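Here is a short note for a colleague who has not seen this model before. Please read the points with the structure open beside them.

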Amino acid sequence: MSSVSDRSSFMLSLPVAMGYIPLGMVFGFLFVQAGAAWWLAVVASLVVYAGASQFAMIPMLAAGLPLASLAVAALVINMRHMFYGLSLLKDRPQNFFLRWYLVFALTDETYSVITASRPRPAANQMAFLAGINQGWWTLGTITGAGLGAQLPVSLSGLDFALAALFAILTAEQWRVSRSLVPVGTALVAYGVCSLLLPTHALLASVLACVIAGLLAPSIAKRIR
């Protein structure tokens with residue numbers, strides 16, 4: 001990959017860094033405060049790398065639940081990522097290792113940056129962007145774990161960073177598309193699914209949005 005692409009990927013990752021570093025710090029801090037070794041927090045960010053699942057594992061580990069329970073929880077929480085991958089099948093890297101790394105590291109934020117960028121990053125650049133973003137998350141984890149192991153400080157309040165990051169990414173999607181259809185579809189899908197399937201609202205609404213996205217081109221052709 002050229003140095004130009006490297007710099008471009010780094011610049012694209014900066015908004016994600018603003019959310020990943022503080023949120024990774026919160027995870028690392030809480031993980032250590034729950035009684036685990038600091039290096040296990042870093043391993044989790046390298047091997048698991050799924051923010052919601054990592055936060056969910058803290059009380060589960062503290063309660064002494066088996067690894068199988070953690071694995072099932074991670075599968076359910078991150079099932080939505082399968083739908084992200086489906087929309088990038090034509091753009092996936094040809095290199096075997098880069099392709100499978102992108103499958104592993106395709107987070108919500110990385111996917112949002114990729115789909116909001118015009119032009120869309122090249123296949124290998126997408127994998128490189130995912131790697132930089134994981135680096136930001138891991139950096140935050142190391143910092144938070146170090147604080148949790150050494151200092152009696154509180155990081156309460158920093159968890160707002162994730163909501164702020166999603167707000168920024170949503171605004172960026174709007175700046176690129178100038179269409180209310182994606183946001184409107186997401187809001188309606190989540191509202192309906194919250195009423196019909198409150199315990200699985202997020203997964204059901206993501207599935208509904210994916211189906212809507214797949215049907216949209218054929219519907220548009222019929223209207224024309």
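1. Aromatic pairs. Searching the whole structure gives 9 aromatic pairs. Rings of Phe, Tyr and Trp (its six-membered ring) pair if their centres lie within 6.5 Å; planes under 30 degrees apart are stacked, over 60 edge-to-face, and the rest tilted. One of these pairs is Phe27 with Phe55, an edge-to-face case with 5.9 Å centre to centre and 75° between the planes. This pair links distant parts of the chain: Phe27 sits in helix α1 (residues 3-33) and Phe55 in helix α3 (residues 51-62), 28 residues apart.

2. Basis of the model. The model is predicted; local features need pLDDT of at least 70, side-chain atom pairs count only at pLDDT 80 or more, and totals for chains, interfaces and linings use all residues. Residues are numbered from 1 along each chain as its sequence is written, and side-chain values use heavy atoms, with hydrogens and water left out.

3. Phe27 is buried, at a relative accessible area of 0%. Phe55 is partly exposed, at 25%. The cut-offs are under 20% for buried, over 50% for exposed, and in between for partly exposed (1.4 Å probe, protein chains only).

4. A second partner. How are the rings of Phe27 and Trp137 arranged? Their centres are 6.5 Å apart and their planes at 25°, so the pair is stacked. This pair also links distant parts of the chain, with Trp137 in helix α8 (residues 123-150), 110 residues apart from Phe27 in helix α1. Trp137 is buried, with a relative accessible area of 2%.

5. The cluster. Ring pairs join Tyr20, Phe27, Phe31, Phe55 and Trp137 into a cluster.

6. Overall build. The protein chain has 11 helices and 0 strands. Helices (H or I, at least four residues) and strands (E, at least two) are DSSP runs, numbered from the N terminus. Of the 224 residues, 34% count as buried. Among contacts (heavy atoms within 4.5 Å) between residues at least 6 apart in sequence, 76% join residues at least 24 apart.

7. Surface. The protein chain exposes about 12,900 Å², and carbon and sulfur atoms supply 72% of it. Accessible areas come from the Shrake-Rupley method with a 1.4 Å probe; for residues, only the protein chains shown count as cover.

8. A backbone point to check. Most residues other than glycine have a negative phi. Tyr49 is not a glycine, yet has a positive phi of about 45°. Tyr49 lies in the loop between α2 (38-47) and α3. Is Tyr49 buried or exposed? Tyr49 is buried, with a relative accessible area of 4%.
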